[in-house]
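Reader: I have a new model open and would like to learn how to read it feature by feature. Could you walk me through it?

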Amino acid sequence: MFEQGVIRPPSEADSLLVRVTRNCPWNRCLFCPAYKGTTFSRRSVAEIKKDIDEMARYHGGNGSRVTTAFFQDADSLILPTEDLLEILNYLKGVFPSLVRVTSYARAKSLKRKSVESLKALKAAGLTRIHTGLESGSPKVLKLIQKGESPVEMIEGGKRVMAVGIELSEYIMPGVGGRDLSRENAHGTAQVLNRIRPDFIRVRTFALPPGSPMEAMAREGRFTPMNDLEIVAEIRALLQHLDEMPSHFRCADFSLNLLMHVDGYLDRDRSRMLQDLDSFLALPESDQKAYVLLQRSGHYGVHPMEMLKHHDLMNQLHEKIKELENGDGFNKYIRAMMAGQLPRPQTGSWD
Ligand code: SF4
């Protein structure tokens with residue numbers, strides 16, 4: 001059998017998952033459960049080639065229907081370029097129908113690759129990099145122990161864009177908490193305006209149970225934001241983003257409250273700002289009704305559509321009243337959101 005890692009981006013759901021390293025070489029981000037309790041290791045090219053052969057057997061010998069592949073785990077670009085080239089060439093030889101090969105990478109690893117190396121990787125078939133910016137604010141990056149600075153994020157991202165490899169930047173509104181919300185929005189917009197990535201993928205922050213950030217919240221060192229505050233933060237971010245050809249994506253992640261805020265910044269920014277403004281202009285009771293509806297798993301309902309359904313609205317308002325008389329609305333919503341988060345593979349955050 002072949003090895004597989006635990007995560008991949010949603011857009012790689014149908015991709016061949018080729019594990020080239022195990023776990024995360026940094027593994028210290030305080031919000032991230034993905035690889036906690038595990039140790040990073042590189043896999044040998046021989047081992048990876050053996051996996052690729054196994055995958056070809058699994059796909060019936062020729063793999064002719066396989067068109068996309070993804071390199072796991074958290075930072076494949078940490079491998080020497082020669083190794084990555086050998087893996088890419090072998091993979092494309094075994095699966096000649098591949099049209100897209102993508103990978104996660106940390107900005108530090110991207111920054112360490114020369115432009116020539118990245119050009120060679122593109123020529124060998126690497127088409128897209130997914131990277132976690134999370135925030136462009138130095139204070140927020142320090143708070144969450146990202147281990148990378150805005151300057152490194154910009155250098156790494158620009159290098160990828162310069163050679164024509166597609167770039168997906170993941171950002172996390174709310175991760176700075178209430179105190180750093182403004183700074184998070186402005187700093188993130190500044191960094192993204194410099195990189196001008198192909199995709200900006202919004203990943204609304206939810207407080208992971210048992211995480212160091214939960215402990216910080218308990219001790220008063222981090223103030224979690226509610227959904228309405230995070231929507232306001234996303235509005236501030238969008239307002240400061242340039243009209244560039246980046247796809248601003250909320251639709252591909254169900255923890256984003258307003259999943260319909262999705263489009264290209266150069267043609268849809270005003271429409272997306274209007275969508276945010278119409279939500280922010282609703283009475284708080286209706287905003288909360290939408291939060292409750294969406295957090296209960298009813299994705300894809302437009303807030304303005306919801307308002308037309310009077311019975312539903314009455315039920316939602318009743319439920320909100322009940323929650324507010326009990327443990328509290330925000331506490332309930334936070335628990336619903338936390339339920340959607342992955343847990344550390346080992347059950348431990350250490
Ligand atoms: S967010 Fe990325 S870099 Fe940070 S610990 Fe998780 S996988 Fe590693």
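This is a predicted model: local features need pLDDT of at least 70, side-chain atom pairs count only at pLDDT 80 or more; totals for chains, interfaces and linings use all residues.

Reader: Let me begin with the ligand: where does the ligand sit?

Author: Residues are numbered from 1 along each chain as its sequence is written, and side-chain values use heavy atoms, with hydrogens and water left out. On a 1 Å grid over the protein atoms alone, a pocket is an open set of points where a 1.4 Å probe fits, with protein on both sides within 12 Å along at least five of seven lines. A molecule sits in a pocket if more than half of its atoms lie within 2 Å of its grid points. Here, the ligand sits in the largest pocket.

Reader: Which residues surround the ligand?

Author: For this we take residues with a heavy atom within 4 Å of the molecule. Around the ligand these are Cys-24, Asn-27, Arg-28, Cys-29, Phe-31, Cys-32, Tyr-35, Lys-36, Ala-74, Arg-106 and Lys-146. To sort such a shell, Ala, Val, Leu, Ile, Met, Phe, Trp, Tyr, Cys and Pro count as nonpolar, Asp, Glu, Lys and Arg as charged, and the others, Gly among them, as polar. The shell around the ligand then divides into 6 nonpolar, 1 polar and 4 charged residues.

Reader: Are Asn-27 and Arg-196 buried or partly exposed?

Author: Buried means under 20% relative accessible area, exposed over 50%, and partly exposed in between (1.4 Å probe, protein chains only). Asn-27 is buried because its relative accessibility is 16%. Arg-196, by contrast, has a relative accessible area of 38%, so it is partly exposed. Pro-33 is in the loop between β2 and β3, and its 9% relative accessibility makes it buried. The C-alpha atoms of Pro-33 and Leu-341 are separated by 8.7 Å, although these residues are 308 apart along the chain.

Reader: Which peptide bond is cis?

Author: Look at the bond from Gln-72 to Asp-73: it is cis, with omega near 0 degrees. Asp-73 belongs to the loop between β4 (68-72) and α2 (81-94).

Reader: What is the strand order of the open sheet?

Author: Strands of a sheet pair through backbone hydrogen bonds, either parallel or antiparallel. Two strands pair if DSSP finds at least two bridges between them. The open sheet has 8 strands in the order β1-β4-β5-β6-β7-β8-β9-β10, with mixed pairing. β1 (16-19) and β10 (263-264) are at the edges with a single partner strand each, so one side of each lacks a neighbour in the sheet.

Reader: How many bridges join β6 to β7?

Author: There are 6 bridges between β6 and β7 (residues 166-171), and the two run parallel; Ile-129 has Leu-167 as its bridge partner in β7. β5 and β6 are also parallel, over 4 bridges, with Tyr-104 partnered by His-130 in β6. As for burial, 4 of the 5 residues in β5 (residues 100-104) are buried, and in β6 (residues 126-134) 8 of 9 are.

Reader: How many residues does the largest nonpolar core have?

Author: In soluble globular proteins, nonpolar side chains tend to be buried together. A nonpolar core is a set of buried Ala, Val, Leu, Ile, Met, Phe, Trp, Tyr and Cys residues joined through side-chain atoms within 4.5 Å. The largest one has 82 residues, with Leu-91, Phe-95, Leu-241 and Phe-248 making the most contacts inside it. Helix α9 (residues 227-240) gives this core its largest share, 6 residues. A second, separate core has 13 residues, including Cys-29, Phe-31, Ile-144 and Phe-222.

How values were computed:
On a 1 Å grid over the protein atoms alone, a cavity is a set of points where a 1.4 Å probe fits but cannot get out, and a pocket is an open set with protein on both sides within 12 Å along at least five of seven lines; lining residues have an atom within 4 Å of a point.
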